[in-house]
Amino acid sequence: MAGQQFGAALPVHQLRAPLTRLTAATRLTATQARRVAVAAQGFGAAPAAINRAQLRRLIERIQVLQLDSVSVAVRAHYAPVFSRLGPYDRGVLDRAAWSHGSRTPRLLVEYWAHEAALMAVEDWPLLRWRMREYTHGRWGTEIVRENPRLADEIVGAITELGPATAGQIEAHLTTTTHRGKGVWWNRSETKWVAEALFASGVLTTAHRAGFARHYDLVERALPAEVVGREVDDGEAVRELTLKAAAALGVATEPDIRDYFRLRPDQSKRAVAALVAAGELEPVEVAGWTAPGYLRAGQKIPRSDRGTALLCPFDPLIFFRPRVQRLFDFEYRIEIYTPAAKRKYGYYVWPFLLDGELVGRVDLKADRNSGALLVPGAFVEPGRDPGRVAGALAGQLAAMAAWLGLDRVTVGKRGDLASALSATCRVL
């Protein structure tokens, strides 16, 4: 299965020496910090099947599922659920994210949370301050400023059409007869302005078809109580900060800041306020040069648990400096690196084995041949290749079956390839 049940844990204040009580001088070993971080991210025993309630509990724990257009293996937002809960029906996540009705209100909503991400719908109002900052969009703000009429036209088109892609909106505006001959805007500007309306909270994603976003008015796509909720900016940032700290388990202020991409002034002020309120507790971690923070009442697992393949956009490995610090694992995405200069491959998944990052694999789902391709497989220095290959082969087989593929095919690149190929052949 994709996860393993982590062992019994004690609240920090119940640990034996040297952690007899949590004070500003409390220290965690590097191993304890890593265990806290892995456990906080919800790596546990995988149930036979997941349902909406289980998905909600996972989102409450990890907060966000990052969206990304790369689909070489599987879309990024599907992967973290598999990594923690094992093979599951992706339709459960689709319905939670893209369906809304009186009987099954949507569970998730899309916004700029980390990057573009799915988050709990009730947390959408916590980012209104960001929506105000993005009044003219996140990028191409000059285009939006210069086209106030186009923004009004797009809102009018969606009001009339219902959920629509940027292309459908363009087609509607082009053929609307009352506008007369010709088109008064550059068609490429429609996408920019629609994106700005999304960023500013006027529009949201009703659903996606393939990966194309269908925009709709927030008041039609989100529950009325969510749209109507107003949160003080400071309170919203403190709540986001606390959610990030809980999801990370133990973290520095920059780690916490990165989770929801807060500004330094926001996160520093929020962390200080939460420490003063007793919601966060300072801790020193061996080997860390900056102070760490724990959610009050955080438990420390007694053993290393958690085994999973992690997609490049998994919340456990969002912030690369933290990955290096926690796991002694250097990780960079090489998608935009020329092929000849890549060290590991195009779309590389780190492998977590019993709570430690021990290897990585370049993955591609070849649906035409029905194979999960592993062009490259690599083991970290000092790790037992046989042990890593044995555990990794099981994870790859589970992923292949989950994606509807018949087999795992391992290439020859990497120092783990030979052992992994031999293990996969006997499964």
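Visitor: Which residues touch the most other members of the largest nonpolar core?
Guide: This is a predicted model, in which local features need pLDDT of at least 70 and side-chain atom pairs count only at pLDDT 80 or more, while totals for chains, interfaces and linings use all residues. Residues are numbered from 1 along each chain as its sequence is written, and side-chain values use heavy atoms, with hydrogens and water left out. A nonpolar core is a set of buried Ala, Val, Leu, Ile, Met, Phe, Trp, Tyr and Cys residues joined through side-chain atoms within 4.5 Å, where buried means under 20% relative accessible area, exposed over 50% and partly exposed in between, with a 1.4 Å probe and protein chains only. Among the 117 residues of the largest such core, those that touch the most other members are W349 and L420.

Visitor: Which helix gives this core its largest share?
Guide: Helices (H or I, at least four residues) and strands (E, at least two) are DSSP runs, numbered from the N terminus. The largest share of the core is nine residues, and these come from residues 385-402, which form helix α16.

Visitor: How many residues make up the other core?
Guide: Another core lies apart from the largest one, and its members include V36, V283, I300 and L326. In total, this other core has 26 residues.

Visitor: Is Q63, a residue other than glycine with a positive phi, buried or exposed?
Guide: Most residues other than glycine have a negative phi. The phi of Q63, however, is near 80°, and Q63 sits in the loop between α2 (52-62) and β3 (64-66). Because its relative accessibility is 5%, Q63 counts as buried.

Visitor: Is D328 buried or exposed?
Guide: D328 is not a glycine either, yet its phi is positive, at about 50°, and its place is in the loop between α15 (320-327) and β13 (348-353). Since its relative accessible area is 61%, D328 is exposed.

Visitor: Which residues does Q266 touch, not counting those up to four places away in sequence?
Guide: Q266 belongs to helix α14 (residues 264-276), and because its relative accessible area is 6%, Q266 is buried. With contact meaning heavy atoms within 4.5 Å, and leaving out residues up to four places away in sequence, Q266 touches W129 and V237.

Visitor: What is the mean pLDDT of the protein chain?
Guide: The pLDDT is the predictor's confidence in each residue, from 0 to 100. In the protein chain, 90% of the residues reach 70 or more, and the mean pLDDT is 90.

Visitor: How many contacts beyond near neighbours in sequence does the stretch of residues 1-25 have in the model?
Guide: Over residues 1-25 the pLDDT is below 50. Beyond near neighbours in sequence, the number of contacts that this stretch has in the model is 63.
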